[in-house]
Amino acid sequence: MSLRQFFPAAVVAVVAFVVPAARADQMSERIDAMIEEGYTKHKITPNGPTTDETFVRRAYLDIIGRIPSMEEAKAFLESTEAGKRSKLIDQLLDSEGYVSNWYNWWSDILRVQTGGRGEAGQAYAAWIKNALRNNKPYDQLVRDLITAEGYIWDNGAVGYYLRDAGMPLDNMSNTTQIFLGTRLACAQCHNHPFDVWTQKDYYEMAAFTYGTDTDAIFSKEIKKDMAQALKTIDGSPRKSKEQDTLKKQAMRRIIDDILEPMKNGVRDTSGDGDKAKKLMLPSDYKYTDGEAGQVVKPHTIFGKQVASKSQARAEYAKWMTSPENPRFTMVMANRLWKRVMGMGLVEPVDDFKDGTVASNENLMKYLTQQFQYSKYDIKKMLRAMYNTKTYQRQTTVGDVPEDKPYYYPGPVMRRMSAEQIWDSICTLVIPQPDMRFRGQGYKASLEAKKKEALALEKIQSNDLVNVAKKYADQDFELEMKVRMLRDRLAKAREANDTKTAQATQKELNESNRIRDGLAAAARAEILKTGEKDKGQFVNAMVTPGMTKKSDEKAEPSMDPQSYRQWEGFGEEFFRASELPSPAPGNHFLREFGQSNREIIENSTREATVSQALSLMNGPLFDKIYQEKTQMMTRFYGASNEEGRMNAIFMSLFARKPTEQEKNIVLETIAEKGKNGWKSIVWALLNTREFVFVQ
């Protein structure tokens, strides 16, 4: 079904203002009805309803990304309140755990790297979390990302462009794949071999955001003075072409390092007239619809064309999120459906084509309509999906191929993600894992950079160049010395002259240390010069719409006394959303499939031998089994064997052991004594039941 057939644009534009959005419970009923129509049509026998024990564990894992604690599971299972499942869903959706879990999902899609550009990545991550905390409408979230401008300390959304700094074409490819479900990357170099998009289509789309500047903001005066300085860099005769090149490189490097604080921002140059960054077709362009070197004007790949105005990004964002562009809504509705049910109505979720057909076309259309009518309320859509009979059926066990239609006799059984496994282990170890935060130390560093950036904006260009020239001369001299020392070190090693090699290495390290400090010294000197306040060379970037609404939820903060509950657990057991994104390569999260955040949704849930060895023989198990952990505190607090069994099984599986399991446990204890309990916990942690969302 083509996009033009799916929704006539005029109908969408009108209906969106006429048809009221259904309540979440009404949506649940309608979704179930459409799924059940598919049962009849395709002769499908639905899975049976799930038990409360399975449901509570599934709901916790799917909504807040971890297993319930023993107390949380018992509270739900022992409740006789009517509608307790719906109430649990509401409770979880409104919790800080929801923010943590869904941040992990978004960081995988948006390839969030919190180590990017110093603290800028952390500010971007905090912006995403706050958007989730306040349930920011999806269309507004996307517009905020696409039109982001300003410095990272004022507007965390600019992290979307800083993530791909210097790579505007790649950023456009990611944007269309994430938000429009359209893969254009192939068309960057040639016409798409499997779709209708041409190379010119690619460049015309990229033209909307090509003017987004993520580099240090140089004024015309600075560029002019830099060019002049590079011609006569020290006033002395040039000794060689190589040395001349090295001196110029040193000059550029020092200026670049001095202005580093100003690289934490985004500026739209499309309104700069002739000075605006312009995108041109590549030099090897070979098609008849354009010429190599031709300036490209913005043009959308489908739907209504937008006017090519000075603020191209704003027009682009408005077009993308418009009710007249159903693919935008459809792609996210399908992503949410897959997140809840384990399989999208369209697979893959980010490769829609003009002839793409959903496994249940009526349901796809309904979800798309309701998402739009509900003003892009993500939590409302999730609330409706989680409350369906379809979601609350038993899972479908076994492989479900993505290349064949799935008619949802129940959700697809899935292995936990790396983050879900880690966060569940945190639940077994520490109290209140959702409320343990790493702190906001990055804000102090950003504030320092902010002060430096604002001060740098007042520096005159000739002062900047003069200071940079001074330190570039030192950098050049050190470069020559470093080259000489490297040559001496190589010869000493070749001659097995250990004494000379050690002395040379020490001198080399000291030279590199001094060289590393040149940029900081240069910046300190230029900032001191700036105290004279000779006037700005750059206009400060102003971020519109940054006033905080009074009804917005703030980032959670806790009384220092609250942190005492985590004393003795070290700095290891924080939820995945509080750890670096991605985690270091040797961390448990990476071992179990966390994305490296280089490619969209690059995580994996595949089991490996090294994972099994990590759980079986790694040091983590001993930490879980320590007496002070949450699971073992409940275990030691029990007065008899049955109570201890219940503590372990409720902690791990949100259920009590079966009679058969009780017998196995008792036999093990009879054989091994107290050491048998350790074997029991070890065995249960390594079962499929623990690592799968049942």
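Modeller: The answer below begins with the rings and then turns to the backbone.

This is a predicted model, in which local features need pLDDT of at least 70 and side-chain atom pairs count only at pLDDT 80 or more, while totals for chains, interfaces and linings use all residues. Residues are numbered from 1 along each chain as its sequence is written, and side-chain values use heavy atoms, with hydrogens and water left out.

Rings of Phe, Tyr and Trp (for Trp, its six-membered ring) count as a pair if their centres lie within 6.5 Å; planes under 30 degrees apart are called stacked, those over 60 edge-to-face, and the rest tilted. By this rule there are 29 aromatic pairs. One of them joins Tyr-160 and Tyr-161: the ring centres are 5.5 Å apart and the planes stand at 80 degrees, so the pair is edge-to-face. Buried means under 20% relative accessible area, exposed over 50%, and partly exposed in between, with a 1.4 Å probe and protein chains only. Tyr-160 is buried, at 4%, and Tyr-161 is buried, at 5%.

Phe-635 and Trp-677 also form an edge-to-face pair, with 5.0 Å from centre to centre and 70 degrees between the planes. This pair links distant parts of the chain, since Phe-635 belongs to helix H27 (residues 630-637) and Trp-677 to helix H30 (residues 675-685), 42 residues apart. Helices are DSSP runs of H or I with at least four residues, numbered from the N terminus. Both Phe-635 and Trp-677 are buried.

Ring pairs also link a cluster made of Tyr-98, Trp-102, Trp-105, Trp-106, Tyr-138, Phe-328, Phe-371 and Tyr-376. A charge sits over a ring if NZ of Lys or CZ of Arg is within 6 Å of the ring centre and within 35 degrees of the ring normal. The charged end of Arg-339 sits over the ring of Trp-102, 4.7 Å from its centre. Likewise, the charged end of Arg-58 sits over the ring of Tyr-391, at 5.5 Å from the centre.

The backbone sites come next. Most residues other than glycine have a negative phi, and most peptide bonds are trans. The bond from Glu-347 to Pro-348 is cis, with omega near -10 degrees, and Pro-348 lies in the loop between helix H16 (326-341) and helix H17 (361-373). Asn-496 has a positive phi near 60 degrees; this residue is exposed, with a relative accessible area of 68%, and is found in the loop between helix H21 (461-494) and helix H22 (498-516).

Note on methods:
Helix = DSSP H or I, 4+ residues; strand = E, 2+ residues; numbered from the N terminus.
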